Amino acid sequence: MPAIAPSKSYRVGRSKTGLGLFATMPIKKGTRIIRYFGPILDSRIPAHDEIENKYLFELNGRWTIDGSVRKNLARYINHSCRPNAESDVRPRERKVFIRAIKNIEPGDEINYDYGTDYFKAYLKPIGCKCPSCETKRKKLRAEARAERAKVKARSERKAQKAGAKSASKGAKKKKLNGHAVATKNGRARA
C-alpha cells in the first residue's frame, strides 16, 4: 500500500498559470498526495452530459468526476509536460488519487499531465505554460533572434562590400586641374 501524505503537506498558492498546489514538506516518490473528488456524473443522463467546465475528470466512457467543488483542492494542480505527479484512476471505485512520481521538495508546484484530449481542447490554443514548454519557447525565441542578427550582419557586410566596390570605381577617376575626368581602362584622357 502506498504511503499517504499528510493533509498539511500542500497548500494552494499563486502560480504562473493562476492558482496552483505547492508542497509544504518533502513528498517522497510513490506517495499518494491528494484525492480528486466531486459529484460523479453519468454520461447516459442528458443533464449530466451537458455540464461543461474545466474541472471534469473522466474516469471512463461513462463516469466523470465534476471537480469544481470548492473543497476539492486537487483541482488546483496544474498541467505540466514534465510532471512530478500522476493521476491514479480507479474507475471501479470511482476514485482518482494524485501520486508523486518524483521526490517533491517544499515549495515545488505539484503538477501532472492532463492528457492529450484536454491538452488539444484547452491548452494548445493558448499555448502550454508549464516550465518545460516555457523553457523550450525561450530557447526557440533566442535562436530566432540569433538567426535574425546573423542575417542582418550578413546584409550589412554585403552593403559594405557594395559600397567599397562603388568607392573603388570612383577612385579610378583622376582629377585634372581640379576637375574629375573619366578614365578608360584606368588611364586618364587628355
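This is a predicted model: local features need pLDDT of at least 70, side-chain atom pairs count only at pLDDT 80 or more; totals for chains, interfaces and linings use all residues.
Residues are numbered from 1 along each chain as its sequence is written, and side-chain values use heavy atoms, with hydrogens and water left out.

Strands were assigned as DSSP runs (E, at least two residues) and numbered from the N terminus; two strands are taken as paired if DSSP finds at least two bridges between them. In general, the strands of a sheet pair through backbone hydrogen bonds, in either the parallel or the antiparallel sense. An open sheet of four strands has the order S1-S2-S10-S7, with mixed pairing. Its edges are strand S1 (10-15) and strand S7 (78-79); each has a single partner strand, so one side of each is left without a neighbour in the sheet. Strand S2 and strand S10 (residues 109-112) run antiparallel and are joined by two bridges, with Phe22 opposite Glu109 in S10.

Strand S9 (residues 95-100) takes part in two antiparallel pairings. Four bridges connect S9 with strand S3 (residues 32-36), and Phe97 in S9 is the bridge partner of Arg35. Six bridges connect S9 with strand S8 (residues 85-90), again in the antiparallel sense; here Glu86 stands opposite Arg99 in S9. The hairpin of S8 and S9 has four residues between the strands, and in this hairpin Arg94 adopts a positive phi near 60°. Arg94 also lies over the face of Trp63, at 3.8 Å from the ring centre. A charge is assigned to a ring face when NZ of Lys or CZ of Arg is within 6 Å of the ring centre and within 35 degrees of the ring normal. Arg75 is placed likewise over the face of Tyr55, at 5.0 Å from the ring centre.

Salt bridges were defined by a side-chain nitrogen of Lys or Arg within 4 Å of a carboxyl oxygen of Asp or Glu; six are counted by this rule. Solvent exposure was classed by relative accessible area (buried under 20%, exposed over 50%, partly exposed in between; 1.4 Å probe, protein chains only). Asp42 has two partners among these contacts: Arg44, with the closest N and O atoms 3.7 Å apart, and Arg62, with a corresponding separation of 3.1 Å. Asp42 lies in strand S4 (residues 40-42) and Arg62 in the loop between strand S5 (56-58) and strand S6 (63-66), so this pair ties together parts that are 20 residues apart in sequence. Asp42 counts as buried because its relative accessibility is 8%. Arg44 is exposed at 59%, and Arg62 is partly exposed at 29%. A further salt bridge joins Glu93 to Arg90, the closest N and O atoms being 4.0 Å apart; Glu93 is partly exposed at 45%, as is Arg90 at 25%. Through shared partners, Asp42, Arg44 and Arg62 are joined into one network of salt bridges.

Aromatic pairs comprise rings of Phe, Tyr and Trp (its six-membered ring) whose centres lie within 6.5 Å; planes under 30 degrees apart count as stacked, over 60 as edge-to-face and the rest as tilted. A search of the whole structure finds three such pairs. Tyr36 and Phe57 have ring centres 5.2 Å apart and planes at 50°, so the pair is tilted. Tyr36 is buried, at 4% relative accessible area, and Phe57 is buried at 11%. Tyr112 and Tyr114 form another tilted pair, with 5.2 Å between centres and 55° between planes. Tyr112 is buried at 5%, whereas Tyr114 is partly exposed at 25%. Ring pairs link Tyr112, Tyr114 and Tyr118 into a cluster.

On the surface, Val12, Leu19 and Leu73 form a nonpolar patch with about 190 Å² of accessible area together. Patches are made of residues with over 30% relative accessible area and no salt bridge, like charges being joined within 9 Å and nonpolar side chains (Val, Leu, Ile, Met, Phe, Trp, Tyr) within 5 Å. Accessible areas come from the Shrake-Rupley method with a 1.4 Å probe, and for residues only the protein chains shown count as cover. Leu19 belongs to strand S2 (residues 18-23) and is partly exposed, with 37% relative accessibility.
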